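I opened this notebook to keep track of what I looked up, and in which order. The structure comes first, and my entries follow.

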Amino acid sequence: MNPAATASRDTRHVPDLAAALALFEPLAHQPHEMLAFAYLDPERRVLGMRHTHPGGTAAVLVPVRDVVADAIAFDTVAVVMAHNHPSGDPTPSEADRAVTRRLAQALNAIGVSLVDHVILARDRSASFRMLELL
């Protein structure tokens, strides 16, 4: 996996789930699972993003260490995570739940909040926050 991070003051704003879905919508139709992370300032403006390059069709490993390092580098207060399910079913798997818990704990340890983990699957989506999994 070769993640790519961008670091520019972004004019996008992610105050709610609708904005997160719009931000990450390009993932919805990818043929392979991909991850993306948005690093937010206190007003929920995007400070930077990290995307993974396509992996296999079944799973992508979450680069927890890289996400924490980016959170520190961007001096972020919150992160939104997103990934796609090429199968078309946005239901979070047990692996999705476990990695989300692990990432939330790692970010919490440095004073950063994992605001949501959004799963996009073609025309459907799931939000860990809305499902009360975060």
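How many helices and how many strands does the protein chain have? I found three helices and six strands, where helices (H or I, at least four residues) and strands (E, at least two) are DSSP runs numbered from the N terminus. Reading along the sequence, I wrote down the pattern β-α-β-β-α-β-α-β-β.

Before going further I noted that this is a predicted model, in which local features need pLDDT of at least 70 and side-chain atom pairs count only at pLDDT 80 or more, while totals for chains, interfaces and linings use all residues. Residues are numbered from 1 along each chain as its sequence is written, and side-chain values use heavy atoms, with hydrogens and water left out.

**Entry on the chain as a whole**

I looked up burial and found that buried residues make up 47% of the 134 residues in the protein chain; buried means under 20% relative accessible area, exposed over 50%, and partly exposed in between, with a 1.4 Å probe and protein chains only. I then turned to contacts, meaning heavy atoms within 4.5 Å, and noted that among those between residues at least 6 apart in sequence, 73% join residues at least 24 apart.

**Entry on the cores**

Next I looked for nonpolar cores, each a set of buried Ala, Val, Leu, Ile, Met, Phe, Trp, Tyr and Cys residues joined through side-chain atoms within 4.5 Å. The largest has 19 residues, and those with the most contacts inside it are Val14, Leu23, Phe24, Leu27, Leu40, Val80 and Leu120. Two or more residues each come from helix 1 (17-24), strand 2 (35-40), strand 3 (46-51), strand 4 (78-84) and strand 5 (113-121), and helix 1 gives the largest share, four residues. Apart from this core I found another, of 18 residues, among them Val62, Phe74, Met81 and Leu107.

**Entry on helix 1**

Which residues of helix 1 are buried? I listed Ala19, Ala20, Leu23 and Phe24. They cover an arc of only 120° around the axis, which puts them on the same side of helix 1; the arc is that of the directions from the helix axis to the C-beta atoms. On the other side, Ala18 and Ala22 are exposed, whereas the cover over the buried residues includes strand 2, strand 3, strand 4 and strand 5.

What lies around its side chain? A polar atom there is 2.5 Å from the backbone oxygen of Leu40, and one is 2.8 Å from the backbone oxygen of Ala78; I counted such polar contacts as pairs of N or O atoms within 3.5 Å, where within protein one must be able to donate a hydrogen and the other to accept it, and residues adjacent in sequence count only if both atoms are side-chain atoms. Leaving out residues up to four places away in sequence, Thr76 touches Tyr39, Leu40, Leu47, Ala71 and Val112.

I then checked aromatic rings, where those of Phe, Tyr and Trp (its six-membered ring) pair if their centres lie within 6.5 Å, and planes under 30 degrees apart count as stacked, over 60 as edge-to-face and the rest as tilted. The count came to one pair. Tyr39 and Phe74 form it, tilted, at 5.0 Å centre to centre with 40° between the planes. Tyr39 belongs to strand 2 and Phe74 to helix 2 (residues 64-74), 35 residues apart. Tyr39 is buried at 0% relative accessible area, and Phe74 is buried at 14%.

**Entry on helix 3**

In helix 3 I found Asp96, Val99, Thr100, Leu103, Ala104 and Leu107 buried. These fall within an arc of 140° seen down the axis, so they line one face of helix 3. They pack against strand 2, helix 2, strand 4 and strand 5, while the face turned away carries the exposed residues Glu94, Ala95, Gln105, Asn108 and Ala109. Helix 3 is followed by Gly111, whose phi is positive, near 80°.
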